[in-house]
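Open the model in your viewer and keep the selection tool at hand. We will go from the whole chain to single residues.

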Amino acid sequence: AVQAWIHEFNRAPAADSDDSDDQGNAAEAGELVSPLRTLVHELRIRNQVMYLDPPLEHARASWMQQLHAWLAAVCRQRRPQATRYEVVATADEDLEYDGLTLEYDPGRTARAPGAQAGATYRDLLSRLPNSILFEAYASIERQVEQASEYVQIWLQYQALWDLQTDFVLQFLGEDLMRWQAMLLEIRRARATFDTSATSKRVGAHCVIDYEQVQSKVNAKYDGWQREILAKFGTRLGSAIRTTCQEISEARRRLEQHAGESSTTSEVVAFITFVQELKRRCPEWEKQVEDEFRGGQRVLEKQRFQFPADWMYLDQVEGEWSAFSEILRRKNNVIQEQLPTLQLKITAEDRAVDARIAALVADWERSKPVQGSLRPDIAANTLSAFQQRIARAADEYALVCRAKEALDMESARDERL
């Protein structure tokens with residue numbers, strides 16, 4: 001009987017039949033069927049708070065009560081007792097059974113000594129294997145857990161009423177990939193409520209009815225989706241425009257550099273500028289290929305209304321392609337003139353080293369340490385040396401960057 005109850009409780013519901021049909025079919029087949037009731041729990045919203053009525057604890061209590069009632073159908077049966085039966089015989093004969101002779105007495109009912117009235121089969125529970133009862137209670141807990149997991153999916157939409165827009169914007173920040181992931185997740189999450197069904201059957205005997213909250217969640221969700229989509233469109237459009245302007249400015253500056261400058265300072269400036277652009281290329285490429293392309297695709301799939309001044313990806317890709325081609329040619333020029341450029345950088349390094357040595361020598365001679373020196377003269381001297389030191393430090397840093405760009409050895413000078 002316990003196994004029959006567990007089988008009935010754990011069975012999967014038939015697609016096109018209700019519980020009465022399933023139980024009727026099983027009864028016709030001669031199977032022992034437990035008449036379990038189907039419990040309906042409704043998701044509701046009151047005062048902008050979503051809740052389940054009745055709670056799932058009611059389902060647990062009801063299923064345990066039905067299990068106990070099923071067990072009681074056997075355990076509460078009375079045992080057969082000899083005192084409940086009369087021995088009847090004819091007047092002219094005796095009854096012999098196993099050597100026991102009962103004489104007929106019309107005015108007396110025979111009762112066995114020591115009989116107990118009202119005895120039942122409750123003690124059968126103590127003789128059952130513990131695993132059977134444990135399996136029954138475990139089945140109830142699994143069913144409650146499955147229903148709870150599904151209900152939690154709906155209760156998560158309570159955040160639609162609790163969250164503030166500023167908090168969401170602060171969480172997403174300026175990371176466009178995070179914005180895209182959020183919009184894709186928002187779209188996938190619609191599958192829970194964007195359906196023609198109004199209820200969900202968990203197992204064969206529990207129904208979660210969400211008809212009352214479905215339309216409200218849908219309307220609130222649409223509002224949030226439109227708002228986040230509009231905010232993302234604004235940020236993506238601004239980022240595309242800014243990056244395109246940076247790439248266009250870099251391309252314009254590259255075109256102005258001839259790559260065959262006469263002065264060493266111009267050569268150093270050109271090399272360092274090219275190296276700086278090469279370091280920024282991975283970032284720009286990631287933005288164009290991943291953030292901008294993926295972001296515009298997300299906006300198109302979610303039917304975003306692009307403004308009239310929207311800079312489409314084709315424009316950015318055209319600018320990026322032109323910049324990459326110019327950068328490649330300028331880098332080839334550097335590689336072709338590498339020996340000449342290294343000689344120019346070596347000459348500039350010597351000149352800067354000589355200027356630093358002269359500056360150090362002048363400082364040793366002209367340090368304002370005399371006690372009789374007027375304060376204003378000492379201050380002017382310090383100011384003049386400070387300007388010379390700053391200028392020499394800039395020149396030295398420029399040469400170091402050029403050496404790094406040309407893979408030349410560079411030793412740190414601590415004199416400054």
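**The whole chain**

Start with everything shown as a cartoon: the chain has 13 helices and six strands. Remember that this is a predicted model. Of the 416 residues, 33% are buried. Contacts reach across the sequence, too. Among contacts with a separation of 6 or more, 76% join residues 24 or more positions apart.

In which order do its four strands lie? The order is 2-1-6-5, in an open sheet with mixed pairing. Colour the two edges next: strand 2 (49-53) and strand 5 (199-201), each of which pairs on one side only. Neighbouring strands are turned by 20° against each other on average, direction ignored.

**Pair by pair**

Strands of a sheet pair through backbone hydrogen bonds, either parallel or antiparallel. Go through the pairs here.

- Select strand 1 (residues 39-46) with strand 2: they pair in the antiparallel sense over five bridges. Pick Arg 46 and find its bridge partner, Val 49 in strand 2.
- Select strand 1 with strand 6: this pair is parallel, over four bridges. Glu 42 stands opposite Asp 209 of strand 6.
- Select strand 5 with strand 6: here the sense is antiparallel, over three bridges. Arg 201 stands opposite Val 207 of strand 6.

Stay at that last pair and zoom in on its hairpin. Four residues lie between strand 5 and strand 6. Gly 203 takes a positive phi there, near 75°.

**Helices on the sheet**

Return to strand 1 and strand 2, which pair over five bridges.

**A patch on the surface**

Bring the surface back and select Leu 163, Phe 167 and Phe 171. They form a nonpolar patch with about 310 Å² of accessible area together. Finish on Phe 171, which sits in helix 7 (residues 165-172). Why does Phe 171 count as partly exposed? Because its relative accessibility is 46%, and partly exposed lies between under 20% for buried and over 50% for exposed.

Terms used: Residues numbered from 1 in each chain as written. Predicted model: local features only at pLDDT ≥ 70, side-chain atom pairs only at ≥ 80, totals over all residues. Heavy atoms only, no water. Patch = residues over 30% accessible without salt bridge, like charges linked within 9 Å, V, L, I, M, F, W, Y side chains within 5 Å. Areas by Shrake-Rupley, 256 points an atom, 1.4 Å probe, with all protein chains shown as cover. Salt bridge = Lys/Arg side-chain N within 4 Å of Asp/Glu carboxyl O. Buried < 20%, exposed > 50% of the residue type's maximum accessible area, 1.4 Å probe, protein only. Contact = heavy atoms within 4.5 Å. Pairing = 2+ DSSP bridges. Axes fitted to C-alpha atoms, helices over the stretch in contact; angles between N-to-C directions.
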